[in-house]
Amino acid sequence: MKAVEFDATIDGGGQILLPAEVAGNLPVGQPVRFVLLWEDPMQTKDSAWREAGRRRFEEAYCPEDDVYEQLIGNDIANR
């Protein structure tokens, strides 16, 4: 099986617009398999929001806060 990767758009009628160089290399009359991948704008926004929140949280972390990790480590060791 051969594979090719390319970016394309979908027109108003739901047709995938293949780049000319890709279309010219496809086997006419042969079965092909398509896998469609696209960015989900909501997932991308959510990921960026979560990353920004994580960075903001870590910026507020200071060395004195290490006492909590020490307590957790002692608690686990004593089990």
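What follows is a quick chat about salt bridges and a surface patch.

Q: Before we start, what are the ground rules here?
A: This is a predicted model, where local features need pLDDT of at least 70, side-chain atom pairs count only at pLDDT 80 or more, and totals for chains, interfaces and linings use all residues. Residues are numbered from 1 along each chain as its sequence is written, and side-chain values use heavy atoms, with hydrogens and water left out.

Q: OK, how many salt bridges turn up in the whole structure?
A: Three. The term stands for a side-chain nitrogen of Lys or Arg within 4 Å of a carboxyl oxygen of Asp or Glu.

Q: Why would such groups pair at all?
A: Side chains of opposite charge can pair when their charged atoms come close.

Q: What does Glu51 meet in a salt bridge?
A: Glu51 meets Arg54 at 2.4 Å, N to O, and Arg55 at 3.5 Å, N to O.

Q: How are Glu51 and Arg54 placed in helix α2?
A: They're three residues apart, so about one helical turn separates them. Glu51 and Arg55 are four residues apart in α2, again about one helical turn. Helices here are DSSP runs (H or I, at least four residues), numbered from the N terminus.

Q: And which residue pairs with Glu58?
A: Arg54, with 2.7 Å from N to O. Both sit in helix α2, four residues apart, about one turn. That leaves Glu51, Arg54, Arg55 and Glu58 linked in a network of salt bridges.

Q: Are those side chains buried or exposed?
A: In between: Glu51 is partly exposed at 31% relative accessibility, Arg54 at 37%, Arg55 at 42% and Glu58 at 44%. Buried means under 20% relative accessible area, exposed over 50%, and partly exposed in between (1.4 Å probe, protein chains only).

Q: Switching topic, which residues form the nonpolar patch on the surface?
A: Ile10, Ile16, Leu18, Leu26, Val32, Phe34, Leu36 and Trp38, with about 820 Å² of accessible area together. Patch members have over 30% relative accessible area and no salt bridge; nonpolar side chains (Val, Leu, Ile, Met, Phe, Trp, Tyr) are joined within 5 Å, like charges within 9 Å. Areas come from Shrake-Rupley with a 1.4 Å probe, and for residues only the protein chains shown count as cover.

Q: Where does Leu36 sit?
A: Leu36 is in the loop between α1 (20-23) and α2 (41-59). Leu36 counts as exposed because its relative accessibility is 51%.

Notes:
Helix = DSSP H or I, 4+ residues; strand = E, 2+ residues; numbered from the N terminus.
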